[in-house]
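Here are my notes for you on this one. Have the viewer open and follow along point by point.

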Amino acid sequence: MNSTELFSAYPTDSKVWDEMFSPTEVREPYKRILQFLKQLSADELTKKEEMARRLFMSQGVTFTVYSSGEGIEKIFPFDIIPRIITASEWAYIETGIKQRLKALNLFLNDIYSNQFILKDKIIPIDMIYSCEHYLREMHNLKVPHNIFVHISGIDIIRDSDGTFYVLEDNLRTPSGVSYMLENREITKRIFPDLLPQNFVKPVINYPQILYKNLAALSPRHNSNPNIVMLTPGIFNSAYFEHSTLARLMGIELVEGRDLVVDNHRVFMKTTKGLQRVDVIYRRVDDEFLDPLAFNTDSMLGVAGLMSAYRKGHVAIVNAPGNGVADDKATYIYVPDMIKYYLNEEPILKNVPTYKMEDASEREHVFNNIENMVIKKTNASGGYGMIIGSAATEQEIIEYKKVVMEDPRKFIAQPIINLSSAPCYINGKLQPRRIDLRPFALFGNNEIEIVPGGLTRVALKEGSLVVNSSQGGGSKDTWVINDKI
Amino acid sequence: MLSRVAYSLYWLSRYMERSDGILRLLRVNYAYSQDDPKQLSWRPVLRIFSDMKPAEKIKIQYQSRTVLNFMITDKENQNSVLNLVCNARENARSVQDNVTKELWQCLNEYYHQIRQNQIALSLEKDDPISVIDSLVTQGMHYYGTFEITMARSEGYYFMNIGKYLERAIQSVDILDVKFSEVDYSLEETTDPTYWKFLLLSISGYEVFLKSYRSALDSTNILNQIIWNDNFPRSIIYSVNRLQKSFETLKSDKNSESYKALSFMIGKLESSIRYSDIKDLQEIGLKQYLHKIKKELFAIADAFNLYYFAFK
């Protein structure tokens with residue numbers, strides 16, 4: 001088969017925005033790569049795909065699924081065709097995210113101190129106090145440089161008319177950035193010279209920016225602060241990411257059992273005795289951080305950590321308690337926050353969202369369920385949601401029952417037709433739905449976002465769920481100049 | 001360095017050393033089994049490296065292929081090469097940021113290779129030596145990568161401590177088992193081929209020929225495996241290297257732990273160095289070997305106590 005056939009059979013859907021093909025032609029930013037791909041035979045593309053798979057496997061870019069006492073290595077599926085974003089699209093996304101994060105960070109400062117936004121009735125009080133991720137322990141706690149959301153991943157999607165929307169804010173422990181870095185490394189290997197020919201903006205300095213930000217948070221003013229990455233351990237599905245980031249930043253990767261708190265100071269247990277820890281980039285959830293403050297059964301955290309934090313003897317990144325800001329019910333109010341705190345119009349739009357708590361909105365959702373997605377406010381990873389158009393009648397009845405038990409825990413959104421991008425699947429190019437997760441680093445002086453991020457792909461035909469836990473994969477993401 | 005990290009590196013290295021030792025022993029034993037006019041018993045090998053019940057050992061002692069699969073690919077056998085490599089790799093995975101990327105990739109590739117079902121099949125049907133050689137080569141790749149890429153810092157020395165401690169224990173074990181087959185007798189009545197294959201199994205045959213020419217008697221064998229400074233698998237060489245690696249850990253911050261271990265290792269080194277065949281005959285070979293083994297285990301315990309106590 002020659003590769004022109006590979007492209008001619010590409011099915012387009014007028015209701016979906018395709019990143020590469022407009023209804024009439026190939027979109028400008030994709031022209032160059034398309035030309036390049038056309039020179040390759042299907043065999044060559046398959047070989048490249050195989051090479052990518054092998055590289056991921058041998059480098060151990062895998063996650064382990066444990067079943068019946070034996071670990072099975074899986075790679076996070078990677079599609080070899082890059083997703084392209086133009087510089088002007090990127091500039092728009094970037095300013096939009098920065099604005100959003102500024103507001104969200106102000107919100108967290110406010111909600112854990114004066115709570116002006118509640119007093120001014122912009123956000124209903126009961127919505128905050130009923131949120132499980134609201135931490136009373138954080139109240140009036142002074143966080144370094146007033147930054148809560150040091151590291152965030154904002155999920156961006158594109159509707160059928162090409163407009164970008166924010167689907168979700170991830171402000172707790174967003175993952176995926178190591179795949180962004182690895183995907184780029186793989187592209188360098190499978191498509192030699194293609195990146196420089198397209199003037200793709202590099203992502204390689206992410207670890208250095210992060211390190212610089214972490215170092216700036218050290219409570220002790222010394223030139224070489226001790227920064228550690230706290231992981232739940234080798235059995236965590238994101239373990240690869242934890243060890244990769246620790247290695248790239250040259251910081252120590254620790255587990256809860258490596259740390260101890262003495263006199264409100266955190267130490268790590270080394271072969272030469274105890275060594276003071278200044279900054280903790282933790283990938284352990286809030287409720288497991290400190291058995292004395294939160295979940296008493298937690299083996300993953302460190303007893304006394306919160307007291308050391310409260311005293312200002314250690315910095316924790318991200319700050320605990322961020323869950324109140326990325327709760328899906330709070331999401332509804334982010335545009336209002338932007339107006340309230342910044343006196344600006346929101347640049348990036350929210351997807352219209354209905355509160356299931358509100359009787360009339362709930363009725364509207366139930367009446368139009370075939371066009372709706374209902375989600376749990378505190379769940380992630382594509383769990384606990386139902387897509388009206390894809391669910392059976394029985395499933396919908398069951399789900400409605402669960403919603404009625406505690407409507408506060410649910411929101412609904414109209415089904416958004418995520419944009420599609422061509423993926424190389426079974427020797428053919430086929431459209432698959434995608435989203436984008438740029439990673440933003442909130443530093444002392446500025447918010448920095450490496451160009452691009454992680455493009456996630458729903459690999460199942462027709463599927464709208466891109467989460468890796470639900471069979472999603474990813475693509476390398478290029479930001480290139482508008483005119484090549 | 002974190003105690004947990006040091007512990008993982010030390011074990012990673014011990015597992016790799018053990019897997020290498022097992023593979024070499026299996027290779028030579030298998031080759032010998034093709035040469036042996038009588039049927040070769042695998043019981044000594046099973047005694048050193050497995051906790052199989054005596055009755056079971058007797059049952060499979062003449063079935064080369066069954067023993068090979070048990071020792072290499074059996075998931076139930078804690079000491080199978082498969083499990084050792086998996087453990088080494090899991091240890092590396094938990095300290096990925098403390099080994100070089102090259103070393104991690106090398107272990108990871110070994111891990112993926114040894115998990116292929118093909119290995120068990122080939123051991124059953126094809127030439128086992130080719131299979132073992134392909135695994136030994138992966139092990140050599142690991143040793144080379146370790147030497148070339150690892151920074152000469154604490155991690156490297158903890159890995160060396162694990163390596164040489166394991167190697168010393170192995171050499172003592174091999175002597176113990178092989179001599180127990182001849183009732184620890186130092187008489188020169190044993191078949192020279194027996195000793196030749198013992199040497200081959202620890203890659204010591206060529207060194208032996210150069211040092212002692214061709215007199216394959218038990219005294220020379222003991223001289224080589226216990227006291228030959230030039231033989232990288234001799235007990236004295238391993239303990240000496242263990243001591244050298246340990247000395248790099250000296251620092252103001254851990255003087256107490258350092259002193260305790262330094263004493264134990266130094267004492268063992270001198271007790272081996274300043275003893276000879278005559279002493280050995282006086283004490284008895286069995287007692288001599290068991291004393292060394294006991295002290296090696298005590299050193300391992302002391303590391304757990306003074307350097308790895310993070311739990």
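1. What share of the contacts in chain B with a separation of 6 or more comes from residues 24 or more positions apart? Such residues account for 71% of them. Two residues are in contact here if their C-beta atoms, placed from the backbone, lie within 7 Å.

2. Before going on, some housekeeping. This is a predicted model, where local features need pLDDT of at least 70 and side-chain atom pairs count only at pLDDT 80 or more, while totals for chains, interfaces and linings use all residues. Residues are numbered from 1 along each chain as its sequence is written, and chains are lettered from A and ligands numbered from 1 in the order in which they are written.

3. Now chain B as a whole. Its secondary structure comes to 16 helices and zero strands (DSSP runs numbered from the N terminus: helices are H or I with at least four residues, strands are E with at least two). The radius of gyration of chain B is 20 Å, close to the 19 Å that the globule rule gives for 311 residues, so chain B is as compact as a globular protein of that length. That radius is taken over C-alpha atoms, and the rule is 2.2 Å times the number of residues to the power 0.38. The C-alpha trace spans about 60 × 50 × 35 Å along its principal axes.

4. How much of chain B is buried? Of its 311 residues, 45% count as buried. The cut-off for buried is 20 or more other C-beta atoms within 10 Å of the residue's own; 12 or fewer makes it exposed, and in between is partly exposed, with C-beta atoms placed from the backbone.

5. Take a look at helix H5 of chain B, residues 81-94. Eleven of the 14 residues are buried, so H5(B) is largely enclosed by the rest of the structure. Among them are B:Val81, B:Asn87 and B:Arg93. The buried residues pack against H1, H4, H6 and H8 of chain B.

6. Finally, where the chains meet. The contact takes 22 residues from chain B and 20 residues from chain A. On the side of chain B, the elements giving two or more residues are H1, H5 and H6, and H6(B) supplies the largest share, five residues.

Notes. Expected span 1.5 Å × (residues − 1).
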